[in-house]
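Me: I would like to go through this model with you, part by part. Could you begin with the terms and then take my questions as they come?

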Amino acid sequence: MYTVEIENDGEKIIINSPDTEHRVSGTYTKAKNKIPSCTFNIYPDNPGYNKLSEYKTLVRIYDPTEEGENQQKFGGRIILIEGKVDSTGFYKTVTCEGWLGYFKDTINYLYSAINGIKEDIPVNQVVTQFVRWHNENCSEEHVFDIDTFATTDTIEEYSPSADKSSFDALTDENLTKYLNYDVKEYLGKDGNMKRKLYCNEGLNKAGDTIIRLGENMQSLTVTNNFDNICTRVIPMTKDGTMMGTLGIDTMWVDDAEAIKKFGVITKMHTFDYLSKTKSLAKAGKNWLNRNSKVTRTLTINCSDLFDLGTTPDSFEVYSTYLIDCSELGISERLELTQLTRDINETWNTQLTFGEILYSARSYKSLK
């Protein structure tokens with residue numbers, strides 16, 4: 001069982017723990033490069049029932065059996081409170097968003113581009129600038145530190161856009177193909193809680209636990225998604241300019257082998273970070289290589305053996321695990337991209353593993 005704490009202006013109240021008589025019920029969800037979320041029901045006899053306010057009340061979920069930064073499983077703010085009544089009586093359903101949600105409060109661009117439009121900008125320089133802009137324009141309590149990280153990855157071209165929130169900018173496809181994000185809290189020297197944005201560092205681990213049908217796997221759903229498959233793309237700059245002159249130049253990029261298998265499936269794609277048409281052919285080819293694929297995801301209802309005391313591993317987003325289901329011909333180590341866990345029955349987890357990407361050139365149906 002996890003401990004759930006709310007905070008208003010420094011006043012903290014425990015609303016769920018082994019010692020709480022009138023506990024809440026709910027789950028929290030973490031997903032790859034998404035804002036974590038938490039939803040719980042709370043009843044009038046809980047000490048925190050009348051202490052909840054949207055965008056003011058903070059919510060933290062702790063694992064009392066762990067220590068340090070791993071103890072906090074969810075942290076964020078309340079964004080929605082719904083009053084409800086049914087046969088059990090009156091209650092509230094409370095929805096929360098994680099610390100990453102603070103990046104939605106500011107916009108990506110206020111002053112000037114990153115020293116003008118450059119080519120081959122280091123990814124860490126772009127992220128650092130986004131966080132700096134956010135910190136200069138947010139409430140004091142919404143400021144983030146950033147964990148400095150080294151990278152050899154560069155963006156060919158980037159021009160900030162005023163119609164994106166800082167979160168949308170951070171999770172632009174041009175960045176998330178290199179980065180995974182997480183926020184961790186720590187106690188500052190002034191005695192207040194601080195928040196730090198981590199990019200990749202310490203997030204990707206190889207888990208020891210094997211997820212196997214009949215042992216800790218309760219059910220498995222395999223989903224093949226063809227929605228995003230594309231064999232011909234027409235690339236455009238952020239201003240809607242195409243590669244050349246219509247009727248004279250080639251306006252698209254093809255995947256010839258995928259066309260042989262699936263035919264011509266055309267989509268247009270705007271590269272928000274590009275302003276130069278000379279960059280479109282390369283960007284279109286790279287985009288097509290990633291999108292001319294069939295995406296397979298695995299959704300598993302699973303018992304977290306860590307919480308049952310029989311394995312050293314606890315499931316965590318971004319870590320990889322070996323999925324073994326010979327009945328469906330699956331035996332692969334995959335990244336955990338989404339986790340939903342019950343606050344009280346913490347062993348009860350729903351896991352989504354993705355994405356197994358099958359090239360349209362070589363895709364074969366599930367046997």
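Reply: Contact, or touching, means heavy atoms within 4.5 Å. This is a predicted model, in which local features need pLDDT of at least 70 and side-chain atom pairs count only at pLDDT 80 or more, while totals for chains, interfaces and linings use all residues. Residues are numbered from 1 along each chain as its sequence is written, and side-chain values use heavy atoms, with hydrogens and water left out.

Me: Which residues does Glu7 touch, not counting residues up to four places away in sequence?
Reply: Glu7 touches Lys12, Lys56, Thr57, Leu58 and Arg60. The C-alpha atoms of Glu7 and Lys56 are separated by 8.6 Å, although the two residues are 49 apart along the chain.

Me: Where is Glu7 found?
Reply: Glu7 is found in strand β1, residues 3-8. Strands (E, at least two residues) and helices (H or I, at least four) are DSSP runs, numbered from the N terminus.

Me: Does Glu7 count as buried or exposed?
Reply: Glu7 counts as buried, at 14% relative accessibility. Buried means under 20% relative accessible area, exposed over 50%, and partly exposed in between, with a 1.4 Å probe and protein chains only.

Me: On to sheets. What is the order of the open sheet that contains β15?
Reply: The order is β16-β15-β17, an open sheet of 3 strands with mixed pairing. β16 (253-254) and β17 (266-270) stand at the edges with a single partner strand each, so one side of each has no neighbour in the sheet. Two strands pair if DSSP finds at least two bridges between them.

Me: How many bridges join β15 to β17?
Reply: Strand β15 (residues 232-236) runs parallel to β17 and is joined to it by 5 bridges. Arg232 stands opposite Thr266 in β17.

Me: What does helix α5 touch when it packs on the sheet?
Reply: Helix α5 (residues 280-291) touches β15, β16 and β17, and its direction makes about 140° with that of β15. Axes here are lines fitted to C-alpha atoms, for helices over the stretch in contact, and angles run from 0 to 180 degrees between N-to-C directions.

Me: Which residues of α5 are buried?
Reply: They are Leu280, Ala283, Gly284, Trp287, Leu288 and Asn291. Seen down the axis of α5, the buried residues fall within an arc of 130°, so they line one face of the helix. The arc is that of the directions from the helix axis to the C-beta atoms. The face turned away from the buried side carries the exposed residues Lys282 and Lys285.

Me: And what covers the buried residues of α5?
Reply: The cover includes α3 (173-176), β15, β16, β17 and β18 (293-303).

Me: Back to sheets: which strands make up the other open one, with β12 in it?
Reply: The 3 strands are in the order β9-β12-β11, and the pairing is mixed. β9 (145-146) and β11 (181-187) are the edge strands, each with a single partner strand, so one side of each is left without a neighbour in the sheet. β11 and β12 (residues 193-199) pair in the antiparallel sense over 7 bridges. Lys184 has Lys196 in β12 as its bridge partner.

Me: Which residues have the most contacts inside the largest nonpolar core?
Reply: Phe40, Ile211, Ile323 and Phe353 have the most contacts inside that core, which has 39 residues. Strand β20 (residues 330-342) supplies the largest share of this core, 4 residues. A nonpolar core is a set of buried Ala, Val, Leu, Ile, Met, Phe, Trp, Tyr and Cys residues joined through side-chain atoms within 4.5 Å.

Me: What is Ile323 in contact with, beyond its neighbours within four places in sequence?
Reply: Its contacts are Ile211, Met217, Leu298, Ile300, Ile330, Ser331, Glu332, Leu334 and Phe353. A second, separate core of 35 residues includes Tyr102, Phe103, Ala169 and Ala283.

Me: Last topic, backbone angles. What is phi of Tyr318?
Reply: Phi of Tyr318 is near 85°, a positive value in a residue other than glycine. Most residues other than glycine have a negative phi. Tyr318 is found in the loop between α6 (305-308) and β19, and counts as buried at 5% relative accessibility.

Me: And where does Asn33 lie?
Reply: Asn33 lies in the loop between β3 (25-31) and β4 (37-42). Asn33 has a positive phi of about 55° although it is not a glycine, and is buried, with a relative accessible area of 9%.
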